[in-house]
Amino acid sequence: YSIHNRGGLGIKNYAVTEKTGGVVGIKVVNGELTMNEVTVTGMVDAVRVDDGAGSGQDSMVRLSECDISAIDCAVYVRGNGGKSGQLTQITIEKSTLHGDLGAIWGNGSDTFWGTSIQILDSTVTGGYAAIYHPQRDSSMTITNSTLAGAMGVAVKGGDVHIIDTTITATG
């Protein structure tokens, strides 16, 4: 699936599976995505939010009660930097995310900042880190969740607020 330029997609009670390691399961560029009770497996990046490749509009992504597992990243995000005055918005609630590299992975390049990520009541695990958050001028709030990886959370930019959350670092 691919959503571009203010397009929208809602998916409920569905499975997206790739047995050969396809690159991207669902890609959002300047669009809206709502997933409820969706399972995504077998991709390199299961959900890629790539506003850095777009025209300056910001995506809004909401994942609720989803089970997402990927070879690299369950959710990979690139904000659009200074192309707009808004932030790329991602809300994850009551979901389980796993990436062999990292479950939620940002891009810290100078043109891909400007994200707002909310994680609520979720389990987030990764091989390297549960979450890699290098984006400047970005925010992340994690509430009542469980994070695990070699590093729990790697923060290199922006603000991160962690509330009533368990973090386990194994490396």
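Author: Gladly! Let's start with a term: buried means under 20% relative accessible area, exposed over 50%, and partly exposed in between (1.4 Å probe, protein chains only). This is a predicted model, where local features need pLDDT of at least 70, side-chain atom pairs count only at pLDDT 80 or more, and totals for chains, interfaces and linings use all residues. Residues are numbered from 1 along each chain as its sequence is written, and side-chain values use heavy atoms, with hydrogens and water left out.

Reader: What is a salt bridge?

Author: Side chains of opposite charge can pair when their charged atoms come close. The rule used here asks for a side-chain nitrogen of Lys or Arg within 4 Å of a carboxyl oxygen of Asp or Glu.

Reader: How many salt bridges does a search of the whole structure find?

Author: Five. One of them joins arginine 78 and aspartate 50, with the closest N and O atoms 2.5 Å apart. This pair links distant parts of the chain, 28 residues apart: arginine 78 lies in strand 6 (residues 67-78) and aspartate 50 in strand 4 (residues 32-50). Strands here are DSSP runs (E, at least two residues), numbered from the N terminus.

Reader: Is arginine 78 buried or exposed?

Author: Arginine 78 counts as buried, because its relative accessibility is 17%. Aspartate 50 is buried too, at 6%.

Reader: Which side chain meets aspartate 137 in a salt bridge?

Author: That of arginine 136, at 3.0 Å from N to O. Shared partners join Asp110, Arg136 and Asp137 into one salt-bridge network. Arginine 136 is partly exposed, at 37% relative accessibility.

Terms used. Helix = DSSP H or I, 4+ residues; strand = E, 2+ residues; numbered from the N terminus.
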